[in-house]
Amino acid sequence: MGDPATVALGAGATAAPATSEPGAIPPPQPGYPPYPGTAEPKKKRGLLIAAIALVVIMVLCVGGGVVAFLTLRNAESGDGAKEPAVAVDEFLTAVYKDRSATKAASHVCAASRDDDKIAAKVAEVQKYAAEYQNPRFKWTTPKVDNQTGDRATVSTRITMTTADEKVADQDLRFTVVQKTGWWVCEVA
């Protein structure tokens, strides 16, 4: 007769081997597809490369902008005066005669150029012009007191005279520096 397991199942049927280990997973039944496992997610390398390239470009642009700012922030635009005394005279003319903050700023070094302060000084001079009868401003010829290399100290005396014969004097000392010519950097 044969194997007792074959007889009990009938003809053509086969039984699982009797020597299976406990806890082992039985093979799938015929006619059912095997259990699909979790597929690995597709790697998006193109997106990662594009993101890294974008970050590198941003860092380079920001870094270049910072370097350009730091390099050019103290750059003088145009040519300064040929002599320290000439720089002071041109600055005083712009403030007291022309009463133009824009012209005055064009004679100030970039490190000290503060448009608000310059405009405030010009506004102060214009206030005197409105407050007093026909004020006139004149100054002594600017004199270089000390000059060392690219730095000079220049002094002058400004006198305001009004139509009703009021007179006011003020001594000023300027620090002037040479970069692309001479520029006024400090007034004391």
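**A walk through the predicted chain**

At 28% relative accessibility, K121 counts as partly exposed (buried means under 20% relative accessible area, exposed over 50%, partly exposed in between, with a 1.4 Å probe and protein chains only). K121 pairs with E124 in a salt bridge, 3.5 Å from N to O (a side-chain nitrogen of Lys or Arg within 4 Å of a carboxyl oxygen of Asp or Glu). The two are three residues apart in helix α5, so about one helical turn separates them. E124 is partly exposed too, with a relative accessible area of 32%.

This is a predicted model: local features need pLDDT of at least 70, side-chain atom pairs count only at pLDDT 80 or more, and totals for chains, interfaces and linings use all residues. Residues are numbered from 1 along each chain as its sequence is written, and side-chain values use heavy atoms, with hydrogens and water left out.

How confident is the predictor? The mean pLDDT of the chain is 79, and 76% of its residues reach 70 or more (pLDDT is the predictor's confidence in each residue, from 0 to 100). Over residues 1–10, pLDDT stays under 50. Where pLDDT is low, the predicted coordinates should not be read in detail.

Now the overall layout. The chain has five helices and five strands (DSSP runs numbered from the N terminus: helices are H or I with at least four residues, strands are E with at least two). Along the sequence, the pattern is α-α-α-α-α-β-β-β-β-β. Of the 188 residues, 23% count as buried. Take the contacts between residues at least 6 apart in sequence: 51% of them join residues at least 24 apart (contact means heavy atoms within 4.5 Å).

Which cysteines form the disulfide? C109 is joined to C185, S to S 1.8 Å (a disulfide is a pair of cysteine sulfur atoms within 2.5 Å). The link is right-handed, with 135° about the S-S bond. It ties distant parts of the chain, 76 residues apart: C109 sits in the loop between α4 (101–105) and α5 (115–131), and C185 in strand β5 (residues 182–187). Both cysteines are buried. C61, by contrast, is exposed, with a relative accessible area of 52%.

H107 lies in that loop between α4 and α5 as well. H107 is buried, at 18% relative accessible area. Leaving aside neighbours within four places in sequence, its contacts are E90, F91, A94, W183 and V184.

Move to strand β3 (residues 151–161), which holds T156. T156 is buried, with a relative accessible area of 6%. Beyond four places in sequence, its contacts include L92, W139, P142, Q170 and F174. K143 is 13 residues from T156 in sequence, yet 6.5 Å away in space, C-alpha to C-alpha.

K143 itself is exposed, at 53% relative accessibility. Its side chain meets that of D145 in a salt bridge, 3.8 Å from N to O. D145 is partly exposed, at 33% relative accessible area. K143, D145 and R173 are linked in a network of salt bridges. Another salt bridge pairs K166 with D164, 3.9 Å from N to O. How many salt bridges does the structure hold? Seven.

V56 counts as partly exposed, at 43% relative accessibility.
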